[in-house]
Amino acid sequence: MTHTNRNIALFSILTLSLVLLVLLNISLGSVSIPIKDVLKNLIGENSSKETWDYIIINYRLPKAITAIVVGIGLSVSGLLMQTLFRNPLAGPDVLGLSSGASLGVATIVMGATFLPMGLSAVLLSSFGIILASSLGSFLVLLAVLAVSQRLRDTMAILIVGLMFASLTSAIVGTLTYFSTAEQLQKFTFWSMGNLGNLSWSSIVILSICVTTGLLLSLVSIKPLNALLLGENYARSLGMNYKRTRLIIILATSILAGSITAYAGPIAFIGLAVPHITKLVFQTSNHTILFWATLLFGAIIMLICDSISQLPGSDLTLPINAVTSIFGAPIVIWLLIRKRKMMN
């Protein structure tokens, strides 16, 4: 089988897997719904029970779409960061955006006692949490962009991002120390990530943000291939390196910042999915990697969400815990397998 045919076969398998996983994800939960009834509902017909239609439209379908959007956004932003910094440990949080979002939420949640009753009630609502998270990410983004315009060295920007993350984490830690048990619990629940609390209007806004980030990423595909061979090589090809770096940072910020605002900080996906994609497709061509990472991100996020629902149980596991527990062993296994194949 030629490399092109192999890629076509892999893309076909991934697309079919994504469709099947969407149906499976919607059917699983505390109330089990047969897949044929899920299909009926999705094509506009009524399922066997009216309550199933209500559950699918108001709970299961929005959560499945959120999982797909979150998986796509985090995976692609991880790919961008790993290529830009030429660092396999880079993820969407290396610029400090997730930490900035956490600081915004922590300030609202743990500082609510110092605010008037009416104002604190508004800020502690779902809209207030999203606004605080977005503002925190945006402020860190502005700081990183301001620094990136002054620094020529990309690795220095990585260090600056990590320093911002450390600074914001220290402030969050200080706020945590002086907060009440109720405030701590609320902040902890947010930090565990959640895919199931978004309304249809929130999903539309999140989808628009992620689509914008993906379009900026698409513009960067050719420069990303050039960056694999280093900054000097990319410049020798006539690439405007500073402009490309700015677009990549902006794309990552929109993707990671919007997702953290709406779904909370979700670990593992952005770091590991690009590695899984490279190991499966055995290529460094970003024209292929972009679409493959996009599909893998959606698939793995749906699998993790299905596991977190604990089918047949009323309990739900934190999505953050599931992504790490499920994902880390897979990456370790793939890396060991790759090393054995090379030997």
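The structure is a predicted model, and the mean pLDDT of its chain is 85, with 93% of the residues reaching 70 or more.

The largest pocket holds about 940 Å³ of space. Its lining consists of 38 residues, and those nearest the centre of the pocket are Gly193, Asn194, Leu195, Gly196 and Asn197. At least two lining residues are supplied by each of helix 3 (50–84), helix 6 (126–150), helix 8 (181–191), helix 12 (241–263) and helix 14 (286–308). When the lining is sorted by class, 18 residues are nonpolar, 15 are polar and five are charged.

The interior was examined next. In soluble globular proteins, nonpolar side chains tend to be buried together. In the present model, the largest nonpolar core comprises 80 residues, and Phe85, Leu95 and Ile266 have the most contacts inside this core. Helix 3 provides 15 residues, the largest share of this core. A second, separate core has 10 residues, among them Ala101, Val109, Ile129 and Phe187.

The surroundings of Ile266 connect these descriptions. When neighbours within four places in sequence are left aside, Ile266 is in contact with Val70, Leu74, Gly193, Leu195, Met301, Ile319, Asn320 and Thr323. Of these partners, Gly193 and Leu195 are also among the residues nearest the centre of the largest pocket.

Key
Residues numbered from 1 in each chain as written. Heavy atoms only, no water. 1 Å grid on protein atoms, 1.4 Å probe; cavity = no way out; pocket = protein on both sides within 12 Å on 5 of 7 lines; lining within 4 Å. Points joined across faces, edges and corners; volume = space filled by probe spheres on them. Helix = DSSP H or I, 4+ residues; strand = E, 2+ residues; numbered from the N terminus. Nonpolar A, V, L, I, M, F, W, Y, C, P; charged D, E, K, R; others polar. Core = buried A, V, L, I, M, F, W, Y, C linked by side-chain atoms within 4.5 Å. Buried < 20%, exposed > 50% of the residue type's maximum accessible area, 1.4 Å probe, protein only. Contact = heavy atoms within 4.5 Å. pLDDT = per-residue confidence, 0-100.
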